[in-house]
Amino acid sequence: MNLAHNIRWYAVLAKDLLFKPTYRPHDFWNRRHRRGHNFWTVGRRSFDESGNREWYARLAKDLATEFHADGLDLRRLSVCEIGAGIGYWTRMMRDHGCKRYLGTEIADPAATWLRPQFPDYDFVVADVAEDPLPGTWDVIVMMHVDEHIHGERFLNALRHIKAAMTPTSRFFTTYRTVPTPSGVSYVEYHTQKDFAAVFPLAWIKPVPRPHGGDAMLSISAAHARSDNYNPRAYPVGRCGD
Ligand SMILES: C[S@@+](CC[C@H](N)C(=O)[O-])C[C@H]1O[C@@H](n2cnc3c(N)ncnc32)[C@H](O)[C@@H]1O
């Protein structure tokens with residue numbers, strides 16, 4: 001047990017639960033990214049750095065398994081990531097040979113920090129809830145970002161993502177399998193039903209989790225055309241577990 005970490009975590013949690021500060025996304029994320037670039041910035045704060053590394057690795061293995069199962073060869077595909085954070089998924093895309101990558105970030109200090117680390121990739125400062133994505137992309141990745149985009153802003157973000165997809169694009173996103181209340185103002189969880197407000201249900205497929213990573217959806221018009229797709233196998237709001 002990492003005692004110093006736990007003391008820090010419970011202190012900030014108590015403050016967030018008690019005072020419930022208004023969530024202003026630009027200010028909130030700029031402040032976090034100005035303070036550092038580690039898992040405390042973007043990961044699950046109840047986990048320490050090594051706990052996060054292990055947690056992220058499970059999701060990464062599930063995603064890689066799905067890329068393989070879906071025949072997605074990143075060496076030939078363009079990738080747009082929303083909320084690139086500290087570059088964990090950027091690094092994964094690079095490791096998979098992706099040559100065309102755009103990372104978007106609401107926080108300027110995040111993009112400024114990421115650029116020199118990935119000089120072959122592009123990063124823009126943009127709020128996906130306000131700014132359309134430039135062009136169309138083969139793969140769009142959004143990990144642990146949806147819960148930080150709330151209400152109508154969340155729907156706008158999904159509309160921007162949908163507009164950046166072609167009939168064969170894949171959109172990978174984390175989500176909640178069941179409605180989950182949040183005690184803190186900066187988190188509002190979304191289930192498959194919330195994604196289905198913008199994407200046809202037949203496009204939405206829960207990703208298998210052989211490595212026990214967080215629940216993830218693969219959203220694509222191509223899934224609706226797949227012969228073996230059975231939407232009843234994925235009832236709204238209770239999938240992926
Ligand atoms: C919980 S962190 C996850 C970061 C990264 N995806 C990961 O899994 O490590 C959320 C990230 O999304 C960014 N973000 C939050 N709201 C955003 C928005 N509306 N548009 C673009 N980026 C956003 C934040 O700055 C932050 O880096």
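This report describes the fold, the ligand shell and the core of a predicted model.

Residues are numbered from 1 along each chain, following the sequence as written. In this predicted model, local features need pLDDT of at least 70 and side-chain atom pairs count only at pLDDT 80 or more, while totals for chains, interfaces and linings use all residues.

## Overall form

The chain has 9 helices and 7 strands; helices (H or I, at least four residues) and strands (E, at least two) are DSSP runs, numbered from the N terminus. Its radius of gyration is 17 Å, close to the 18 Å that the globule rule gives for 241 residues, so the chain is as compact as a globular protein of that length. That radius is taken over C-alpha atoms, and the rule is 2.2 Å times the number of residues to the power 0.38. Along the principal axes, the C-alpha atoms fill a box of roughly 50 × 40 × 35 Å.

Of the 241 residues, 34% are buried. A residue is buried if 20 or more other C-beta atoms lie within 10 Å of its own, exposed if 12 or fewer, and partly exposed in between, with C-beta atoms placed from the backbone. Among contacts with a separation of 6 or more, 66% join residues 24 or more positions apart; a contact means that the C-beta atoms, placed from the backbone, lie within 7 Å.

## The ligand shell

The ligand is surrounded by 22 residues, and the closest are Trp29, Val42, Gly83, Gly85 and Ile106. At least two shell residues come from each of α2 (25–35), α5 (88–95) and β2 (100–105).

In α5, the buried residues are Tyr88, Trp89, Thr90, Met92 and Met93. They pack against α4 (49–69), β1 (78–82), β2, α6 (108–117) and β4. Just after α5, Gly97 has a positive phi of about 85°.

Gly51 lies in helix α4. This glycine counts as partly exposed because it has 15 C-beta neighbours inside 10 Å. Its C-alpha atom is separated by 22 Å from that of Asp95, 44 residues apart along the chain.

The largest nonpolar core holds 57 residues, and Val79, Ile140, Val141 and Ile161 have the most contacts inside it. Strand β4 (residues 137–142) gives the largest share of this core, 5 residues. Such a core is a set of buried Ala, Val, Leu, Ile, Met, Phe, Trp, Tyr and Cys residues joined through C-beta atoms within 7 Å. Beyond its neighbours within four places in sequence, Val141 is in contact with Val79, Glu81, Trp89 and Phe172.

Strand β5 (residues 165–174) is mostly covered, with 7 of its 10 residues buried. Strand β7 (residues 216–219) is covered on both faces: Met216 and Ser218 are buried on one side, and Leu217 and Ile219 on the other.

The table lists strand pairings; two strands pair if DSSP finds at least two bridges between them.

| Strands | Sense | Bridges |
|---|---|---|
| β4 and β5 | parallel | 5 bridges |
| β5 and β7 | antiparallel | 4 bridges |
| β6 (residues 204–206) and β7 | antiparallel | 3 bridges |

Trp137 stands opposite Met165 in β5. In β7, Ile219 has Phe171 opposite, and Leu217 has Pro206 opposite.

Key: Contact = placed C-beta atoms within 7 Å. Near = placed C-beta within 6 Å.
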